[in-house]
Amino acid sequence: MSDAIAKSASKAASTAVQRCIVPGCAATFGIREQIYVCPRCGGPLEIELPLELLKAVPDLRERWQARAASHDPRDRSGVWRYRELLPFDDDAPVVTLFEGNTPLYDAPRSAKYAGLTALRLKHQGCNPTASFKDTGMTTAVTQAKLLGARTVVCASTGNTAASLAAYAARAALQCAILLPQGQISPAKLAQSMDYGAVVCEIAGNFDDCMRLISELADVPSIYIANSINPFRIEGQKTVAFELLEQCGWRVPDHVVVPGGNMGNSSALGKGFDEMLRLGLIDRLPKISVIQAEGAAPLAHLFAGLKPPEPAADALLPDEIAPVSNPRTLATAIKIGAPVSWKKALRAVLGSHGSIITVSEQEIADAKAIIGRDGIGCEPASATTVAGIRKLVASEKIHAGETVVAVLTGHVLKDPDYVSNYHRGTLSFESVTAGGTAKTVQISGAFRNAPEKVAATKQAILKSLESRR
Ligand code: F0G
């Protein structure tokens with residue numbers, strides 16, 4: 001790299017700012033200020049990079065591609081490989097577990113199920129702690145180190161916690177996680193215990209944990225790593241870059257993600273937007289977000305927006321009506337008051353995507369179909385394929401379009417769910433409009449229960465024959 005170019009790339013990092021996304025405020029703050037929301041108006045913050053400077057750096061795509069073959073620890077990471085677009089200087093104390101570099105699979109059975117000619121699945125469950133959270137934790141924990149934090153904390157439905165616990169352990173930082181007691185998958189809880197975090201089980205739901213987190217925001221030695229933290233989003237946005245690279249820089253027509261606290265959709269939106277502004281792509285994919293029916297505050301808000309869709313920031317609504325008692329077996333997205341809803345809504349409206357809901361039965365069946373492609377994922381991730389099927393049926397997605405679903409977590413994240421589905425014992429506590437609770441049995445339309453087979457060759461062959 002020539003000196004001049006190297007200077008523009010590193011200057012880009014040092015001239016980045018944190019900017020309030022509320023149009024009437026738009027206040028800016030230095031990137032080493034330990035803040036999570038705008039100190040002036042309370043609005044969400046995002047990192048603004050001087051993209052004009054970065055336009056002067058030639059051959060960014062080729063440079064990123066070449067790093068994939070390098071042994072520099074930063075190049076081994078599918079996040080830091082794109083470091084020109086991260087708000088860190090070259091000497092930052094990078095905390096990495098070599099996250100990212102996740103596969104993009106063809107999924108013919110899932111495609112057929114959804115009514116598409118082809119479907120690709122970007123499997124973020126193939127990260128070091130088996131969820132997409134790792135791509136954001138590498139940058140958030142690196143920032144924690146830079147700020148001299150002693151403790152990192154988060155509220156979580158399980159995956160953020162597991163990821164933060166692992167990265168904190170790598171960075172030798174204390175880690176505390178706030179979890180809704182009895183509401184997260186035991187496999188995720190086990191990960192956090194193994195990585196040495198202080199596990200605080202809170203009597204309440206995720207939204208209660210999140211409220212407690214915001215009370216901890218003014219303790220200087222504590223650094224918050226929820227996706228309200230804009231440095232998390234910076235790492236997570238690189239998934240858009242990696243995906244485009246894997247698509248040979250041909251922009252897919254649709255990218256579909258699950259929606260919980262809305263960090264992921266916000267991050268993808270930011271990533272694609274930066275690529276467009278840098279001239280590395282010429283259009284945006286439509287970003288669609290899928291929520292579980294019982295935990296869908298943003299889908300409700302979206303459904304109430306009047307057409308024509310307001311694409312301009314100025315027209316974004318100020319408030320969202322939270323769901324006070326969110327319900328879904330996809331516990332990762334059991335969230336009633338998503339903190340990053342504004343950024344996510346902006347990304348969806350700006351790209352002309354949709355926000356819809358899917359039922360528990362639809363999630364469960366889509367999950368089993370993804371398994372039949374030999375891929376597998378946790379329940380929250382399967383909202384994507386279930387959602388795509390609905391979007392195809394309502395002609396928001398056409399059969400021949402190029403579609404990528406982002407799978408956010410690994411199938412082993414919630415083995416109880418998987419087993420119950422296949423054994424026909426999966427059930428869901430639903431509440432009627434009148435407030436009465438009733439248990440709904442989820443039918444295992446694609447059940448694959450184990451069977452007892454006698455310990456003989458004949459019995460095994462018979463069993464195979466009967467199931468051909
Ligand atoms: N999928 C999985 C597997 C998740 O763990 C989450 C969020 C989401 C989707 C939704 O992503 O919040 O960025 O919209 N899990 C968080 C957690 C809330 O604490 O692990 P989002």
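**Close-ups of the ligand and the cavities**

View 1. A polar backbone atom of Gly-263 is 3.0 Å from an oxygen atom of the ligand; N or O pairs within 3.5 Å count as polar contacts. In this predicted model, local features need pLDDT of at least 70 and side-chain atom pairs pLDDT 80 or more, while totals for chains, interfaces and linings use all residues. Residues are numbered from 1 along each chain, and side-chain values use heavy atoms, without hydrogens or water. Look next at Thr-157, where a backbone N or O atom lies 2.7 Å from a ligand oxygen. Met-262 also places a backbone N or O atom 2.7 Å from an oxygen atom of the ligand. The protein covers 99% of the 480 Å² of accessible area that the ligand has on its own (Shrake-Rupley, 1.4 Å probe).

**View 2. The shell around the ligand.** There are 20 residues around the ligand (a heavy atom within 4 Å). Ser-156, Thr-157, Asn-261, Met-262 and Thr-408 come nearest. Sorted by class, this shell has seven nonpolar, 11 polar and two charged residues, with Gly counted as polar.

**View 3. Where the ligand sits.** Helix 7 (159-171) and helix 11 (263-277) are the elements that give two or more residues to the shell around the ligand; helices are DSSP runs (H or I) of at least four residues.

View 4. The largest cavity has a volume of about 310 Å³. Of its 27 lining residues, Phe-132, Lys-133, Gly-260, Asn-261 and Ala-332 are the closest to the centre. Helix 7, helix 10 (230-246) and helix 11 each supply at least two lining residues, and helix 11 gives the most, with three. By class, the lining of the largest cavity has nine nonpolar, 15 polar and three charged residues.

**View 5. The second largest cavity.** Its volume is about 30 Å³. Thr-157, Pro-180, Gln-183, Phe-206, Thr-331 and Lys-334 line this second largest cavity. That lining has two nonpolar, three polar and one charged residues.

Notes. Polar contact = N/O pair within 3.5 Å; in protein donor to acceptor, adjacent residues only side chain to side chain. 1 Å grid on protein atoms, 1.4 Å probe; cavity = no way out; pocket = protein on both sides within 12 Å on 5 of 7 lines; lining within 4 Å. Points joined across faces, edges and corners; volume = space filled by probe spheres on them.
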